[in-house]
Amino acid sequence: MVIKKVRLNNYQSHSDSLVTFTERIAFVVGLDRDHGTSNGSGKSSIINGIIYGIYGKSNLPATQLVRHGCGDMLVAVEIEHLNKKIQIVRSKSGTTGKLSVFIDGQEITGKIEEKQAVIDSLFGDYQTFVGFSVVDSVRFLDLEDLSSSELRDTLLMLVNAEKIQKMQDDFGKRKMELEIMLKKNTSLHFPSAKRMDILKSSLILTETEGKALDSEIGILTEELGSLSTKKENLYKEIENYEKTDQFLTEHSKCPTCFTGLEPDKKTVIAQGLKESIMSKSHDLENIELTIKTTSAAKTGLSTHRLSVITKTAKIRLLIGKLDDAVRNRTKDNKLCAELGLYTRGLQTINKFLSFILTNTACELEDYINGELSKFTDMVCKINLTKTTNEGKVIPTCSILIYRDGNVQTYKSLSSGEKSMLALLLKLGINSLKGTNGLFLVDEGLDRLDQINRSRILNTLELSNFSQIMLISHREELDSLRNTQRIYVIKNQGISTISGI
Ligand SMILES: Nc1ncnc2c1ncn2[C@@H]1O[C@H](COP(=O)(O)OP(=O)(O)O)[C@@H](O)[C@H]1O
Ligand SMILES: [Mg+2]
């Protein structure tokens, strides 16, 4: 990827600047004539304008990018990439943004996001681009700002860990699902054969008991029926005797043949009737007593029968549940086997990720130490430890610096040493990524002394970056060859590109 041209129209302090890059290395210096300083002349705006043009993103809100007093802004970038000419024109008029993309003169159609997706597919997304290609005060010129998680993310990005992490997430999710499913099933019922045997024998017992109770209740019901018939008959008999007795009291005739009756004879018959009534009444009393006790026995048996029915239903329910559990056991076995697969898979992925991260950290360390040995007696060590969260390995990274065998804190280094280490780390990252893209350094070398500056520039010159842009507030060009010098001059608040 090579930036051929960038046009900044009403972008920050630039009213209409066109920068044409003619060499592999561009050295941007500046002068604010109004104040006689390099600061604020509009140098960084060139790099930031390129990034804004490609990605529509900036450290500043878009409204602050439009030159003060202007309503419209336009940034156009022309890039040569894989033998294709890509032109990106991004403009802003009020709140309306517009993006045009041309590949070899052919305009890409679609919504802004669709066109941006085409750009991202060509040059990588914004994060990756600024992470790998830009070194400036906001993008870790100072390692102090590089947190452990950022270093880890950089390493992960270097090993293209996205796909592995996606797999790690998918495996972790499925593993958790399986664990929950299994937990649910086993808490339902444990499929015990012994328990099933006990339940089945209990069912036979209660069913037999139920049948026996039914027949006993049947017998008692029949008995009660015949007792109540007997009771009815006795009532009738007693009624008949009483009627005959009444007749005898009112008449002196035989109640059956109606012939006259002697008083003695009448007395004998009446006496006989009274005795019969008494005897039948006695029988009736006995029967009523029997009915009472039989009914009580029947009620008792019926209540017991009801409890046996409830018990039988409960046993049947438990047997049903156990049957389900036995069926689930077969399913559970399958789930267990799947869980085993996912657990082992996750372990393998974690091991693999740890392995490639450790390997990459070692390679990065080797690169930095190789370069460091040219400059200083410092040796750095990338420390990679890991923590495990829900089966997922999360690496933790830190950089240690050794000098004469002693650990030295990054803070205790000189500012030049700090920026050198940060630059070498960035170069190491780029070298490992095998990038041959852009390397944009905004005032990253200014803290280095003359000798170290030359060494770094030499390393950059020999690197395989396709294009290097160096912004500096120092004018000297050092020993760089094939370098284009770009002057940004600010006059009365407006930056222009002056001379090549
Ligand atoms: N929207 C804007 N309109 C006009 N000037 C701006 C705008 N935004 C920033 N500036 C000016 O641009 C200068 C910053 O430009 P920059 O490229 O960062 O300078 P430097 O040469 O120091 O890198 C500052 O002087 C700032 O006031
Ligand atoms: Mg600047």
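Modeller: Here are some notes on the chain, starting with how to read it.

Modeller: This is a predicted model, where local features need pLDDT of at least 70, side-chain atom pairs count only at pLDDT 80 or more, and totals for chains, interfaces and linings use all residues. Residues are numbered from 1 along each chain as its sequence is written, while chains are lettered from A and ligands numbered from 1 in the order in which they are written.

Biologist: OK, what does the chain average in pLDDT?

Modeller: The average is 87, and 92% of the residues score at least 70; pLDDT is the predictor's confidence in each residue, from 0 to 100.

Biologist: And which element has the lowest mean?

Modeller: That's helix α5 (residues 148–158), with a mean of 74, whereas strand β1 (residues 2–11) has the highest, 97. Helices (H or I, at least four residues) and strands (E, at least two) are DSSP runs, numbered from the N terminus. Where pLDDT is low, the predicted coordinates should not be read in detail.

Biologist: Switching to the ligand: how many residues surround ligand 1?

Modeller: 14, and the closest are S13, G40, K43, S44 and S45. To count as near, a residue needs its C-beta atom, placed from the backbone, within 6 Å of the molecule or strand.

Biologist: What's that shell like by class?

Modeller: It has one nonpolar, eleven polar and two charged residues. Ala, Val, Leu, Ile, Met, Phe, Trp, Tyr, Cys and Pro count as nonpolar, Asp, Glu, Lys and Arg as charged, and the others, Gly among them, as polar.

Biologist: Domains next. Where are the bounds?

Modeller: Domain 1 takes 1–136 + 417–500, and domain 2 takes 184–342. Those bounds come from an automatic or database domain assignment. Taken over C-alpha atoms, the centres of domain 1 and domain 2 are 103 Å apart.

Biologist: What about α8, why does its end-to-end distance agree with its length?

Modeller: Helix α8 (residues 263–375) has 113 residues, so at 1.5 Å a residue it should span 168 Å, and its end C-alpha atoms are 160 Å apart, which agrees. The expected span is 1.5 Å times one less than the number of residues.

Biologist: Where's the kink in α8 centred?

Modeller: On T330, and the kink is about 25°. The bend at a residue is the angle between axes fitted to the seven residues ending there and the seven starting there.

Biologist: Is N240 buried, exposed or partly exposed, and why?

Modeller: Partly exposed, because it has 14 C-beta neighbours inside 10 Å. Buried means 20 or more other C-beta atoms within 10 Å of the residue's own, exposed means 12 or fewer, and partly exposed is in between, with C-beta atoms placed from the backbone.

Biologist: Which loop holds L82?

Modeller: The one between β4 (72–81) and β5 (84–93). L82 has a positive phi of about 50° although it is not a glycine, and it is exposed, with 7 other C-beta atoms within 10 Å.

Biologist: What's the phi of Q492?

Modeller: Positive, about 45°, and Q492 is not a glycine either. Q492 sits in the loop between β14 (483–491) and β15 (494–497), and is exposed, with 6 other C-beta atoms within 10 Å.
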